[in-house]
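Dear colleague,

Please find below the structure that I am handing over to you. My findings follow it.

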Amino acid sequence: MAQAEIPYQEAIPLHDPHSWITKYWFSQDHKVIAVQYGITAVAVGLVALVLSWIMRTQIGFPGMFEWITPDIYYQSVTMHGMIMVIYLLTAFLLGSFGNYLVPLMLGARDMVFPFVNMISYHVYFASVIILMLGYLPGMEGPTGAGWTLYPPQAILSGTPGADWGILTMLASLAVFIVAFTMGGLNYITTILQARTRGMTMMRMPLSIWGIGMATVLGLLAFPALFVSAIMMTLDNVLGTSFFMPAISSAGAEHEYEGGSPLLFQHLFWFFGHPEVYIVALPAFGVVSDLISVHARKNIFGYRLMVWAIVAIGGLSFIVWAHHMYVAGMHPYFGFFFATTTLIIAVPTAIKVYNWTLTLWRANIRFTVPMLFAIAFVLTFVVGGLTGLFLGNVIVDVPLSDTYFVVAHFHMVMGVAPILVIFGGIYHWYPKITGRMLNDTIGRIHFWITFIGTYAIYFPMHFLAIPRRYYEYNVGESAILTPSMDILNQSITITAYIVGIAQFLFIYNLIVSYRHGREAGDNPWEANSLEWRTPQTPPVHGNWGERLPTVHRWAYDFSVPGEERDFIPQDVPRKAQA
Amino acid sequence: MASGNNHSSQDKGNMAVAIFLLIIVIVSVLLSFFSPWQFTEIASNWGYIDFTVILTFWICGIVFVVIGLFMVYTTWKFRYRADARADYEPENPKLEWWLTIVTTIGVVAMLAPGLIVWNDFVNPPDDVQEVEVLSKQWGWAFRFPGEDGKFGTVHVDNIDADNSFGMNMADPNGEDDVLVQGNTLHLPVDQAYKVLLRSNDVLHDFWVPEFRAKMDAVPGMITYFWFTPTRIQDEPYEVVCAELCGRGHYTMRGWVKVDTQDDFQSWLGTQPTWADVQAATALDAMSPEAKRGREIWAAEGCNACHSLDGTAVVGPTWLNLWNSTRNLADGNTVTVDEAYFVESIREPAVKIVEGFSPAMVAYDDETVTQDEIQALIALLKESVDAPADAPDGP
């Protein structure tokens, strides 16, 4: 083999848990940490789900519930967005999938820095607690500035939560970034340094490519958010003017002078656009593996898939200002950013083609993970294509700040990655627990979620009305037509149904843990190394006496002349006769 | 052991996926053509913007249908069969190159016309006129440069109850600037206008859907877009704020009335210049107590939502409010007296006037004292006659 032995991994003295606390709470086992990340992210995601019900109730049935005031509405919008993007999607795809899959798929015993990995989770947990502090009595609620937190609005009294809510939000983000950095350095180091014998870069499953590239993006992009959080905190607490020009708000003058609100937007989106791919790339990787395994066919065009991930990651750093076409920046920026944005469509389209071409002449098993994977592809196609509208600067002018944007980003980076998260959970739950999730509940959950989210977001593209509105027809306005009103109501009712279906999923997770069917080592007949552990669930240290040796890529499905339709990565090649 | 334990499930080979994907593709296409939710009828020169939207719609729509139907076919044709076996085809460089090139052509076909129209959008024509839109939480104000064609300079430090634009007193260019009263802007048809956007406080975005164009207003700088109104209609066009600007964002509306050139000029003649406004302020016959109330009205931010000139902003105007009878949202009526006025400041959500939202925060005794409320009441009692034309919203 080209790669040298990795002696330290063979007989590493692992940190050995002695008590319940060190095994399940302060654990250094990447698999336990992955589950901790996952449970926390799902719990906070349920909060975001309830918040979305509150805002949809107001939009569908304005005035029905008096307690939904404009403040409650804007706070719900803000917290829903921030929770979903950062504390659920980023935390789950990297914290949970990343932690579970990186060592197992690479044939490593654990992350390279297990102690730092443990700290990473607990810092993330702290950031979630800080985020929720705004809801405590006396704090006057969390910020209602929208998840983009644009100044000057975010720190002025015309916005809910301008006293404490914005401070807890900024502090929570800063703490989250610390957690992410510790986790991210671990993933990168482990991918580069701890691959087992024979696991060359170009034999890694695409899940690892997606997670690895997303982590690189995160390590480069999150610092921009970190400094903007610090600078806005200083503007708010010490009265500096990084983002604050001279203003006259609610009749009162302020001491601010000379700052630039656009500077914040540039910093925010220099983070914010790569963030889209921090969420999307792990989902791309995972869904590639799901499709290949359940279609019983190699992923089509593996090498191009890898280079597409790398190209998308690189390009994602030079497209950020497409979020700012109508923000008042120099108009000539539009030419540059529209061009780079539409270029990024090419590698993205290639990924879509290769997923669908993998289905060509396959033998598709419509298991629950596969259902979610196929739903992802269709949802992502819609969300990606509407991105071509918004990325082309002049087309964006009439559409920006309308429900077209809401529909676009929910499909492309809300629903699509969440479908992958569900698919991944149904796929790896048997390895994590040793038991299968209930198939019937899984299918009910799938169909309600897929059809429901499509029914929610597809028609939203046609709502050419401003977003983030508490109410539409105020005073003599008639901007909302009766047919739009009916649409808003049906979207809201669908959102209730889809939300309730998620509790079926939670129920499935809990009940199957004790009562699910025994899974065996490799229920899906997959090839990658996580299915080749000596025990299921894998024990601390993952492998027995010796690490596995890799002889092939992860996609040897239906190889002609072979008896079985899959050949795991650690099966040696036959001696050529 | 590993194999065989879930081969029994019949669901693995079912056709539901192909059927539902087909339904979704068909419904999506039908909805795109026959939905009742279409763009508003255009009323500006930006038909080219609509063209780029429609071009993008067709290219993306075709791609959606092709990929969708391809997925329908594969999920139907290659669904699981126990006796079948998938092909083994790791790569097909020729096909991959071909797809890359076709995609690139499609992208260029959308980008190139888009950039050409954007070039028009950012470069106003030579005969363009200027109008300023001043935005603030939560309303719009408009200014024309007057006969000299030059705007007077402004600064937020100059803003007070008598100078809501922050006009610079020392700048002679400002004397003839026309300050539009109320929240309706009139513009002449077929004349290109460059809209200069300013904000006193936070980000806003001036958007009239019928004109297609929009742009953020950013405090500390002047942004712009240009357009030519092309369609006169009886009803004015509604202005909405398209950038989240705080709890009153959704109430930030205004109106644009497109007139013939003659109608526009006669309307413009009724609007006061900055010199007129200054003279009127000097002759103001208000009592000292009401003037003190007016300063409190500006300093405490009442003016953000309650006008004195009859303009309906976020909250009810204070013009002709005192002693009037109001219909409440809960069906009751109330007379505006001292008790109701105090209650509306201390606990604003208790009695909401019909047609308004409970957007106001409560002001406690430390923020607005009882003594200050007396001054505000004096202001209310003297706010009975329209100081300028009543707003002419629809």
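The largest nonpolar core has 274 residues, and those with the most contacts inside it are Phe372(A), Phe376(A), Val377(A) and Ala416(A). A nonpolar core here is a set of buried Ala, Val, Leu, Ile, Met, Phe, Trp, Tyr and Cys residues joined through C-beta atoms within 7 Å. A residue is termed buried if 20 or more other C-beta atoms lie within 10 Å of its own, exposed if 12 or fewer, and partly exposed in between, with C-beta atoms placed from the backbone. Helix H4 (residues 70-106) of chain A gives the most to this core, namely 23 residues. Helices (H or I, at least four residues) and strands (E, at least two) are DSSP runs, numbered from the N terminus.

This is a predicted model, in which local features need pLDDT of at least 70 and side-chain atom pairs count only at pLDDT 80 or more, while totals for chains, interfaces and linings use all residues. Residues are numbered from 1 along each chain as its sequence is written, and chains are lettered from A and ligands numbered from 1 in the order in which they are written.

Leaving aside residues up to four places away in sequence, Val377(A) touches Val352(A), Trp355(A) and Thr356(A), as well as Met71(B); contact means that the C-beta atoms, placed from the backbone, lie within 7 Å. A second, separate core of 12 residues includes Ala290(B), Trp297(B), Leu379(B) and Leu380(B).

Turning to the interface, 103 residues of chain B are in contact with 106 residues of chain A. On the side of chain B that touches chain A, the largest share, 14 residues, comes from H3(B). By class, that side has 54 nonpolar, 29 polar and 20 charged residues. Ala, Val, Leu, Ile, Met, Phe, Trp, Tyr, Cys and Pro count as nonpolar, Asp, Glu, Lys and Arg as charged, and the others, Gly among them, as polar.

H3 of chain B also packs, together with helix H7 (206-237), helix H8 (261-295) and helix H10 (333-359) of chain A, against the buried residues of H9(A). Those buried residues are Tyr302(A), Leu304(A), Met305(A), Ala308(A), Ile309(A), Ile312(A) and Gly313(A).

As for chain A as a whole, there are 15 helices and 2 strands. Buried residues make up 62% of its 577 residues. Along its principal axes, the C-alpha trace of chain A spans about 85 × 50 × 50 Å.

With kind regards

Technical notes
Contact = placed C-beta atoms within 7 Å.
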